[in-house]
Structure formats: C-alpha cells, structure tokens
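Please keep the sequence and the model at hand while reading.

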Amino acid sequence: MLTENLYEEVLIRPHIENGAKHLYVVSGYASPSMALRQLYEYPDITIHLLIGMVKSGGLSLQMHNAFKQIVEEYPDRFFCGYVNMDFPVHSKTYVWMNDENRGIIGFIGSANYSLKAFSWRQNEALEETDPINAYNYYNEILESAISCRDPEVTDIFPLQNVTTLQCIRNDSAGIGNIDHNFNDCITLSLVTDRKGPLRVPERSGLNWGQRPEAGREPNQAYIPIPADVQRSNFFPERGIPFIVYTDDGYILDCVRAQDNGKALHTYMNNSTLGLYFRRRLGVPEGEMVTLNNLDEYGRRDVRVCKIDDENYFLDFSV
C-alpha cells in the first residue's frame, strides 16, 4: 500500500519508467490545478477525468469554468466529464494505459485527483489494482458521464456560483454559501519606493516584460511576494500550480516562481497576468504600466484570499 510520495508513485512513475501515456481517472472530487500541473509537466500524456460528486454539489461554477478552460487549451489531451447517476460516485481509481491500449498499472484508494490529496498536506493511501478491471470500471462510469463542455451541464448539476462575492478587506467576510471565512488574506503591493520615488517598477512586477534587450514579450508580468509571505504557508511551494479567481470573473492559472518563490506568475504564459492588468487599467497591450495608471484606476495593490490550498481569490476592485 502506498502512503508516501503519491504524486511521484502514482501519477509520474508509470509514465516515466513504464511508458504509460494515457491516464484514466475516476475521482469523487478533483481540482483543475492538478490536471494543469500534469498536462504542463508531461506534454506527451493524455488525461481522461470523470468527477463523481458534482451532482451532490461537489463543484463550484468557477472550478467548472476552469475545467472547461483547460479542455479548450488542451483539446487533444484532456477530457473532463461529470457523472450523472442516481447516486454519486465517491470512488478514486487511476489506471495508466499505453498507446496500444494495454493496461500498465492501476491504483485504487482514498486520494481524490487534487494537489492537496497528492501532496504531504493530507494523509491518503492507494494500492495497486488490476489495470484491466480499473479500466473497465472507468468505462462503466463513462457511460453516465456528461462532458464538462456540454451546454446543458449548468442545468443538470448544482454548480455554486461565487463570482459575485467579494474579498472584504477587513478579513471578516464569508464567501457566500460556501463555508469560508476568508480570514487568511494578504495584500500585495504593485508599487515600490526602493531606490527611488514611489512608482510601478520599470523593469519588474507589472513591467517585467519591459526589457526589449532581453527579448521579453512586453506584457510579461508578475506580482511581487514579500519575504514574510514567501516564508509562510499562504501560497503553495514554488513551482506548484494553483488557481486564482478574480473579482471580475477571470480564472488565472498561477504559480510561485523566481528565487524563493518571490513572484506570483501565471503558469503557462506569464504574459497572461500582464494582459489581465493592462486590460483592467485601460493600458494598451505592450505598454508600460505607471503609477499614474494605478492612481487613475484607484488602487495600488491587490488583496488575495486563500479559499483552500489550491484555490485563491484576487480582489482588484475599486
């Protein structure tokens, strides 16, 4: 029975050492950041995911939109379906197949397909099972599943909508009908007064891409993370992806990067974050963001609240 290094043992090793390329998953709950991490790190695998507890309220509208977004980004490599049976499916089954559709290895146990379950932050156990039986089980469940891109999904499943909720700056707010009190929030500044007057840094932060001599795409950007936050457990470790939902309804796939994880980037394209802020500030694509831009907008910082270990809420409202 496996209880340690589950990510490596279950989700990596069969691919690296045994040539398995196609992962089939049935999981009661799942997180977009988990799929995002595997797809990004291993570009020659496909993932076929069935989520079993959606009908019991196990998925927010925001996470649903994130799964749809990942399918759109990886249409040939990622399938996500929601189980539509009379009774929810709480089982967790993983099976790897090769290109010849031969079963390589299967696992069954307690771990949902999420970063939290496949990290040291939660005790889980999985053990090997017959890959053919596991693959047959996946296909049985598949018969009752509906693609996350099906336009009728929102009519069939009770997806909770948290898009209108706000991250309250006094840290005392709730998040609608989801039991989060948002006590775990931080403010990240977009300006600096180091080595000069108060300003948006000309060659870092929101202007990280403003270095043509380095060949950077001019919209590349990051949000600086102070040293005390770097040393805390607020964000995941450097290199571990997570999802950020913004107050205006956008979904950003993010990661901590650079030395000591001092920068909050978008994961697959770090111009995405720069384009997001430029759009919101009314700054043309590719142009430098200035203190005047922020002041005209009405804000020099962002508030980030931790929903759980994989999901965050970013407030840049005015």
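The points below are grouped by topic.

The model is predicted, so local features need pLDDT of at least 70 and side-chain atom pairs count only at pLDDT 80 or more, while totals for chains, interfaces and linings use all residues. Residues are numbered from 1 along each chain as its sequence is written, and side-chain values use heavy atoms, with hydrogens and water left out. Helices (H or I, at least four residues) and strands (E, at least two) are DSSP runs, numbered from the N terminus.

- Seven strands make up an open sheet with mixed pairing, in the order 6-5-4-1-2-3-7; two strands pair if DSSP finds at least two bridges between them.
- The edges are formed by strand 6 (126-129) and strand 7 (145-147), each of which pairs on one side only.
- On average, neighbouring strands of this sheet are turned by 20° against each other, direction ignored; axes are lines fitted to C-alpha atoms, for helices over the stretch in contact, and angles run from 0 to 180 degrees between N-to-C directions.
- Six bridges connect strand 1 (residues 22-27) with strand 2 (residues 46-51) in the parallel sense.
- Val25 has Leu49 of strand 2 as its bridge partner.
- Helix 3 (residues 61-73) packs on the sheet and touches strand 2 and strand 3 (78-83), where contact means heavy atoms within 4.5 Å. The direction of helix 3 makes about 145° with that of strand 3.

**Cysteines**

- The model has one disulfide, defined as a pair of cysteine sulfur atoms within 2.5 Å.
- This disulfide is formed by Cys185 and Cys305, whose sulfur atoms are 2.2 Å apart.
- The link of Cys185 and Cys305 is right-handed, with 110° about the S-S bond.
- Distant parts of the chain are linked by this pair: Cys185 belongs to strand 8 (residues 185-189) and Cys305 to strand 13 (residues 301-308), 120 residues apart.
- Cys185 is buried at a relative accessible area of 11%; buried means under 20% relative accessible area, exposed over 50%, and partly exposed in between (1.4 Å probe, protein chains only).
- Cys305 is likewise buried, with a relative accessible area of 0%.
- Cys80 takes part in no disulfide, and its nearest cysteine sulfur, that of Cys148, is 4.2 Å away. Cys80 counts as buried at 1% relative accessibility.
- Cys148 is in no disulfide either, and is buried with a relative accessible area of 1%.

**Strand 13 and its partners**

- Six of the eight residues of strand 13 are buried, and the strand is mostly covered.
- Strand 8 and strand 13 run antiparallel and are joined by five bridges. Ile186 stands opposite Val304 in strand 13.
- Strand 13 also pairs with strand 14 in the antiparallel sense, over five bridges. A hairpin connects strand 13 to strand 14 through two residues.
- In strand 14, Asn311 is the bridge partner of Asp308.

**Two buried polar residues**

- Asn311 lies in strand 14 (residues 311-315) and is buried, with a relative accessible area of 4%.
- The side chains of Asn311 and Tyr245 make a polar contact of 3.1 Å; a polar contact is a pair of N or O atoms within 3.5 Å, and within protein one must be able to donate a hydrogen and the other to accept it, while residues adjacent in sequence count only if both atoms are side-chain atoms.
- Leaving aside neighbours within four places in sequence, Asn311 is in contact with Met63, Ile243, Tyr245 and Lys306.
- Arg256 is located in strand 11 (residues 251-257) and counts as buried at 5% relative accessibility.
- A polar atom of the Arg256 side chain lies 2.9 Å from the backbone oxygen of Gly261.
- Not counting residues up to four places away in sequence, Arg256 touches several residues, including Phe235, Glu237, Arg238 and Phe242.

**Helix 7**

- Helix 7 (residues 271-281) is largely enclosed by the rest of the structure because eight of its eleven residues are buried.
- Among the buried residues of helix 7 are Leu273, Tyr276, Phe277 and Arg280.
- The buried residues of helix 7 pack against several elements, including strand 10 (242-246), strand 11, helix 8 (291-297) and strand 13.
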